[in-house]
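Here is a short briefing for a reader meeting this structure for the first time. Please look at the sequence and the 3D view, then read on.

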Amino acid sequence: MARHVFLTGPPGVGKTTLIQKATEVLKSSGMPVDGFYTEEVRQGGRRIGFDVVTLSGIRGPLSRIGSEPLPGKRECRVGQYVVDLTSFEQLALPVLRNVTKENRNHLLPEIVTHMQSSRK
């Protein structure tokens, strides 16, 4: 039977840290895990966007403030953030597509849906 946990809370309370630590514990106990989380990107103490990070350690841009998409890229905005759909599709979607009956209990996705409202 699949179990899902939804982790919510205000910015800075440790949601991403909890995902990282839980992943470490599960991996060290031999449990297969797969998934991704998002991590804020700061420059000069100011949040400028988010990266998507797979549990295997691959990182790519998810969004940036006011950045313009590269030529040929589709643009999607969440408030002030331009979402890098190509990066998300290359890193996060394969994780979601690989869900099977056998591994769905081990998927740990954290998807940020409140990028605009979580600004500091």
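E39 has D51 as its bridge partner in β2. Strands here are DSSP runs (E, at least two residues), helices are runs of H or I with at least four, and both are numbered from the N terminus. This is a predicted model: local features need pLDDT of at least 70, side-chain atom pairs count only at pLDDT 80 or more, and totals for chains, interfaces and linings use all residues. Residues are numbered from 1 along each chain as its sequence is written, and side-chain values use heavy atoms, with hydrogens and water left out.

**Strands and hairpins**

- Strand β1 covers residues 34–43 and pairs with β2 in the antiparallel sense, over eight bridges. Two strands count as paired if DSSP finds at least two bridges between them.
- T38 stands opposite V52 in β2.
- The hairpin of β1 and β2 has two residues between the strands. In this hairpin, G44 takes a positive phi near 60°.
- β2 and β3 also run antiparallel, joined by five bridges.
- V53 faces R59 of β3 as its opposite residue.
- Four residues lie between the strands in the hairpin of β2 and β3. There, G57 has a positive phi near 100°.
- β2 is mostly covered, with eight of its nine residues buried. Buried means under 20% relative accessible area, exposed means over 50%, and partly exposed is in between (1.4 Å probe, protein chains only).

**Salt bridges**

- The structure holds five salt bridges. Each is a side-chain nitrogen of Lys or Arg within 4 Å of a carboxyl oxygen of Asp or Glu.
- E39 and R59 meet through their side chains, at 2.6 Å from N to O. The pair links distant parts of the chain: E39 sits in strand β1 and R59 in strand β3 (residues 59–65), 20 residues apart.
- R59 also forms a salt bridge with D51, with the closest N and O atoms 3.2 Å apart.
- D51 forms a salt bridge with R64 too, and here the closest N and O atoms are 2.7 Å apart. This pair joins strand β2 to strand β3, across 13 residues of chain.
- Together, E39, D51, R59 and R64 are linked in a network of salt bridges.
- Which of these residues are buried and which are partly exposed? D51 is buried, at 8% relative accessible area. E39 is partly exposed at 23%, and R59 is partly exposed at 42%.

**Nonpolar cores**

- The largest nonpolar core has nine residues: F36, F50, V52, L62, Y81, V83, L91, A92 and V95. Such a core is a set of buried Ala, Val, Leu, Ile, Met, Phe, Trp, Tyr and Cys residues joined through side-chain atoms within 4.5 Å.
- β2 (46–54), β5 (81–83) and α2 (85–97) each supply at least two residues of this core. α2 gives the most, with three.
- Another core lies apart from it, with five residues, among them I19, Y37, V53 and L55.
- In soluble globular proteins, nonpolar side chains tend to be buried together.

**S87 in helix α2**

- S87 lies in helix α2. S87 is buried, with a relative accessible area of 8%.
- Leaving aside neighbours within four places in sequence, S87 is in contact (heavy atoms within 4.5 Å) with V52, G60, P61 and A92.
- S87 and R59 are 28 residues apart along the chain, and their C-alpha atoms are separated by 9.1 Å.

**Helix α1**

- Helix α1 has 14 residues, 15–28. At 1.5 Å a residue, α1 should span 20 Å, and its end C-alpha atoms are 20 Å apart, which agrees. The expected span is 1.5 Å times one less than the number of residues.
- T16, I19 and T23 are buried in α1. Seen down the axis, the buried residues of α1 fall within an arc of 55°, so they line one face of the helix. The arc is that of the directions from the helix axis to the C-beta atoms.
- The face of α1 turned away from the buried side carries the exposed residues E24, V25 and S28.
- G30 follows α1 and has a positive phi, near 90°.
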